[in-house]
Amino acid sequence: SRPQGRAWAWLHKVRSLEEKPETEVSTKTARPKIGYFESFELLRKSRHLLFLAGIVLADIMVTTLVDFQFNSQIATTFRGDLNLKNEKTAFLASFFTLLLILSYFLHVLATNRILRNFGIRVALMITPLFLLIGSLSIFLVPFYFLIYWAVSIKGADISLTHSLSQSVRELLYIPISPEVKYKAKVFIDMFVNKLAKGLAAVLILLFFTLLHFSLKEMSLVVIVFIFLWIALNQQITKEYVNIVKRSLRIRWPDADKLVSEKIDVDMTKLVFDTLQSKKRSSVLYAMNLFDLFKRERLSPEL
């Protein structure tokens, strides 16, 4: 019974030690709740955040509309008996598995190189331009090859969105202070995201269900929002540069004014002359140090 009692005591001690850091971490990482109204006020006061919210809105709407075109074409191609439904399931499983692998390698191998070699301005344009070309190409594709078109544009959308677009979007938050960024992301990632999906659903209901647009005609709606996306990308790159310039102007005052106010120029010159004398003569260096010591200028830092 004594070994069992020690074992239980040891287990209780280990369990208490394991639970203690968790409670400490949870208390430290807890953040105050942010309301949508407060986040919207931050967006309303910042052109940069407004452009960023507009980009997210256009991006999600285009993605939702492309996804609808893809699912509609898949349903048309694999419509029929149970065997075709099984083939549809197998096809979708293979497609999304390959897409996951492609997105990973694209993110690892291409995203960093594109940002380093071409910058944010070009990186922002790659995804909408690819989707614009894909949406325009549907008017040249025969009906029997629409499944290949749907696979191509859906693959380009997901792979680029989950790799390049997401990385560039995070870079656009860099000029924003951490506190403002946290509050703004609550509104953009939650409210704007859901709003975009809701607006896309309304457009599908209006154009496809009520007005009976075909898949090719639905691409016209997609193209409109891609052009909006491109225009917002151009605006946010200009605003990004302006914010960086303003931040640099605030953080870097005039050098001559700072030197005259904060630094003893004569003392600094004397220190530099002393250090230079070490290269010319060890005796001269020792005499200069002695001179500083006599004048009580040899501070602990020196």
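1. Leu 98 is exposed, with a relative accessible area of 58%. Exposed means over 50% relative accessible area, buried means under 20%, and partly exposed lies in between (1.4 Å probe, protein chains only). Leu 98 sits in helix α4, residues 82–137. Leu 98 also belongs to a nonpolar surface patch with Ile 101, Tyr 104, Phe 105, Val 108 and Leu 109. Together these residues have about 620 Å² of accessible area. Patches are made of residues with over 30% relative accessible area and no salt bridge; nonpolar side chains (Val, Leu, Ile, Met, Phe, Trp, Tyr) are joined within 5 Å, like charges within 9 Å.

2. **What kind of model this is.** This is a predicted model, where local features need pLDDT of at least 70 and side-chain atom pairs count only at pLDDT 80 or more, while totals for chains, interfaces and linings use all residues. Residues are numbered from 1 along each chain as its sequence is written, and side-chain values use heavy atoms, leaving out hydrogens and water.

3. **Confidence.** The mean pLDDT of the protein is 82, and 82% of its residues reach 70 or more. pLDDT is the predictor's confidence in each residue, from 0 to 100. Among the elements, helix α1 (residues 2–29) has the lowest mean pLDDT, 51. Helix α3 has the highest, 93. Over residues 22–29, pLDDT stays under 50. For that stretch the model has zero contacts beyond four places in sequence. Contact means heavy atoms within 4.5 Å.

4. **Overall fold.** The protein has ten helices and zero strands. Helices (H or I, at least four residues) and strands (E, at least two) are DSSP runs, numbered from the N terminus. Of the 302 residues, 34% are buried. Take the contacts between residues at least 6 apart in sequence: 79% of them join residues at least 24 apart. The accessible surface comes to about 20300 Å², and 65% of that belongs to carbon and sulfur atoms. Accessible areas come from the Shrake-Rupley method with a 1.4 Å probe; for residues, only the protein chains shown count as cover.

5. **The core.** The largest nonpolar core has 63 residues. Such a core is a set of buried Ala, Val, Leu, Ile, Met, Phe, Trp, Tyr and Cys residues joined through side-chain atoms within 4.5 Å. Val 62 and Leu 65 have the most contacts inside the core. Helices α3 (47–77), α4, α5 (146–171), α6 (178–210) and α7 (215–251) each supply at least two of its residues. Helix α3 gives the most, with 15 residues. In soluble globular proteins, nonpolar side chains tend to be buried together. Leaving out residues up to four places away in sequence, Leu 65 touches Ala 200, Ile 204, Met 218, Val 221, Val 222 and Phe 225.

6. **Gln 69.** Is Gln 69 buried or exposed? Gln 69 is buried, with a relative accessible area of 1%. Gln 69 is found in helix α3. Its contacts, not counting residues up to four places away in sequence, are with Ile 138, Trp 149, Leu 215, Met 218, Ser 219 and Val 222.

7. The structure holds six salt bridges. A salt bridge is a side-chain nitrogen of Lys or Arg within 4 Å of a carboxyl oxygen of Asp or Glu. One of them joins Arg 47 and Glu 239, at 3.3 Å from N to O. Arg 47 lies in helix α3 and Glu 239 in helix α7, so the pair ties together parts that are 192 residues apart in sequence. Arg 47 is partly exposed at 48% relative accessible area. Glu 239 is buried at 9%.

8. Lys 185 forms a salt bridge with Glu 170, their closest N and O atoms being 3.4 Å apart. Lys 185 is in helix α6 and Glu 170 in helix α5, 15 residues apart. Glu 170 is partly exposed, at 32% relative accessibility. Glu 170, Lys 185 and Asp 189 are linked in a network of salt bridges. Glu 179 and Lys 183 also meet in a salt bridge, at 3.4 Å from N to O. Both lie in helix α6, four residues apart, about one turn of the helix. Glu 179 is exposed at 54%, whereas Lys 183 is buried at 16%.
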